[in-house]
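This report describes selected packing features of one protein chain. The sequence and the coordinates come first, and the description follows.

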Amino acid sequence: RSRSHVRHLTQLHVPTPSSRAIIHALLLGDRSRVTDAHRDAFAQTGLMHLLAVSGLHVLLVGMVLYGLLRPMLHRFRLRWQHIEILRALLTVGILVLYMLLTGRPPSVVRAVVMASLFIGGIVLQRSSHTLNTLGVAAVILLMMRPTAIFDVGFQLSLSAVAGIVVLNPRIDDVTRSMLPDDAASSGAGEWLLSMLTVSAAATLGTAPVLLHHFGFVAIGGLVLNVVAIPLTTVGLTASLLMGLAGAVWPAAGSAFGMAADVTIQMLILTARWGADWLGAGVRLPSPDAWLLAAIVCGTLAIAQLPRPRHRWRLVTITVIVVAAGQVVDAYNARRGPVLTVTFLDVGQGDAVLVETPDGRTMLIDGGPRSPYWDAGASIVVPHLKHRGIDRLDLVVATHPDSDHLGGLPAVFEAVSVGEFIHSGRVASTDLFAESREVLDRRFIPNRPVVTGDTLDLGPHVAVEVLGPPPGRMSATWSENDASVVIALTYGATQILLPGDVEENGEQWLVRTFADKLDAHVVKVAHHGSATSSSLPFVRAAVPDSIPDALAVIPVGRRNRFGMPVPEVVTRWQNSGVNLLRTDLNGAVRVVSDGTAVSAATML
């Protein structure tokens, strides 16, 4: 009810929709209505942290209140100990409520725990080291949810604070040594220098995490934070005051809402201007573990600048790690080429990226699109950039439903496409019309396929189309049954991708292909719905001759359809496969060397 009340007040008092979306992100941790264009602008400029509720927001909500409570409580002539205990309890209570209001993201839990420890230290008159409180916050987070260690937000939150604590003093010392003595003597100069060094420390601290997950570190934020953080502070403060005053004094709520609107619009303009002029950064598509370890060691060497012995040890370790990475890369190159198939986590939809041993690429479906979120722009295109892919040899739309076709227009606009493959079905939707328009405008050749067709992905990987059947046979089938069904064969391994086929299509596939369906990896059709994964199809797709077969269910978290249904999950598990789900395990990357397959998850 509190979240709904905040949304109501924002709708009532903030006139601009884009400002309302940003305010929801700042107050509630809800970024679902932030447009993809604004997300991209904040991401390209390194300002995305402003849209994620974090320590800055906790500082404004709680620590400012903590500072104001002392003079207020003094008026009641309470003893010093009682004042400290009372304001500590009130502040921590407000912070916990704010944490629950924002949905308990890792960054807020971390900031609330650290603030509580800091306040507790004041009450007990015990000093605490920031890294110790950060460590306690991390332990508490992992006790609450052990899998948070794989969460990007958890990693970024901890690495940003650690970078500021450990690296900022070193960067500040070096920067001051390079400037004239009076450069930071004024209050404004001191504040500006502090903002720049803290931004540099946070950027450097989070660089390994950003490179690992996104292959890109924006550097525009080093400058833009000087403007963007004050704007965010004013906008968040005005939004908080709007929420507090709006319910009891509508005129004040409208005044604060207008102030928040103006400030947030200035923040959006800053991000958009920065994306146009300062959107550069460091891009390392698919950095390996050795390179990331070398970056971490090099960063720690910077932190140890005042300690020559530790510093040179870390420099030596960095050199050894780089050399070891070169040796491992050379060894892997001798092991031979591999086929990589990645089932992207695009929510309630499908998107599968195929990378062949000789560098050919194929994307099967592009995920869903809604008025507020585009899986193609938010997930697929960033992943392609992360992999260093600027051209797709083939793009396949298994059928024209929005949860498969939705993200493809964004893909068509972002990368070069050799050929577009589809089922031949026509849909009377705006999305289908838009897709055709983009294909025509970008001169992308396209063709329908039927059973027996093959797709060219180079000499090493055979791509056979198993469905839909031609002509009248499938004319009366549903869009799902008429999905493009693809079998990838590399060496002795096969990967079966059946789109969203349901029972009619599955029965036909079993009758027609029999033993050709057996696969080392099979994508569970239609997100694990009750209308698919019939027992004969499951048995045909996972024979006893392949004991370590893998089944992957692409499905959205807490989707409104209740997928995957329990009986389908049980059916696949009883067949003996290893079952992975994108809603629980994140993206799934399957690698085949031609004789066996291995899988890794990417939360």
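## Aromatic cluster

Trp477 is buried, with a relative accessible area of 13%, which is under the 20% cut-off for that class. The structure is a predicted model. Trp508 is buried as well, at a relative accessible area of 10%, and Phe513 is also buried. Ring pairs join Trp477, Trp508 and Phe513 into a cluster.

Three aromatic pairs are counted in total. One of them is formed by Trp477 and Trp508, whose ring centres lie 6.2 Å apart with the planes at 70°. Planes over 60 degrees apart count as edge-to-face, so the pair of Trp477 and Trp508 is edge-to-face. This pair links distant parts of the chain: Trp477 lies in the loop between strand 10 (461-467) and strand 11 (485-490), while Trp508 belongs to helix 18 (residues 503-513), and the two are 31 residues apart. For Trp508 and Phe513, the ring centres are 5.9 Å apart and the planes stand at 80°, so this pair is edge-to-face too.

Seven strands make up an open sheet with mixed pairing, in the order 9-10-11-12-13-14-15. Strand 9 (454-455) and strand 15 (578-581) are the edge strands; each has a single partner strand, so one side of each has no neighbour in the sheet.

Within the sheet, strand 13 (residues 521-523) pairs with strand 14 (residues 550-553) in the parallel sense, over three bridges. Val522 has Ala551 of strand 14 as its bridge partner. Helix 20 (residues 566-574) packs on the sheet and touches strand 13, strand 14 and strand 15. The direction of helix 20 makes about 145° with that of strand 15.

## Helix pair

Two packed helices are described by the angle between their axes and the distance between the axes. Helix 9 (residues 187-214) packs with helix 12 (residues 289-303) at an angle of about 175°, and their axes are 10 Å apart. Angles over 145 degrees count as roughly antiparallel, so helix 9 is roughly antiparallel to helix 12.

On the side of helix 9, the contact is made by Leu204, Pro208, Leu211 and His212. Helix 12 contributes Leu292, Ile295, Val296, Thr299 and Ile302. Seven residues of this contact are nonpolar, two are polar and none is charged.

Methods: Residues are numbered from 1 along each chain as its sequence is written. This is a predicted model: local features need pLDDT of at least 70, side-chain atom pairs count only at pLDDT 80 or more; totals for chains, interfaces and linings use all residues. Side-chain values use heavy atoms; hydrogens and water are left out. Axes are lines fitted to C-alpha atoms, for helices over the stretch in contact, and angles run from 0 to 180 degrees between N-to-C directions. Helices (H or I, at least four residues) and strands (E, at least two) are DSSP runs, numbered from the N terminus. Angles under 35 degrees count as roughly parallel, over 145 as roughly antiparallel, 65 to 115 as roughly perpendicular and the rest as oblique. Contact means heavy atoms within 4.5 Å. Ala, Val, Leu, Ile, Met, Phe, Trp, Tyr, Cys and Pro count as nonpolar, Asp, Glu, Lys and Arg as charged, and the others, Gly among them, as polar. Two strands pair if DSSP finds at least two bridges between them. Rings of Phe, Tyr and Trp (its six-membered ring) pair if their centres lie within 6.5 Å; planes under 30 degrees apart count as stacked, over 60 as edge-to-face and the rest as tilted. Buried means under 20% relative accessible area, exposed over 50%, partly exposed in between (1.4 Å probe, protein chains only).
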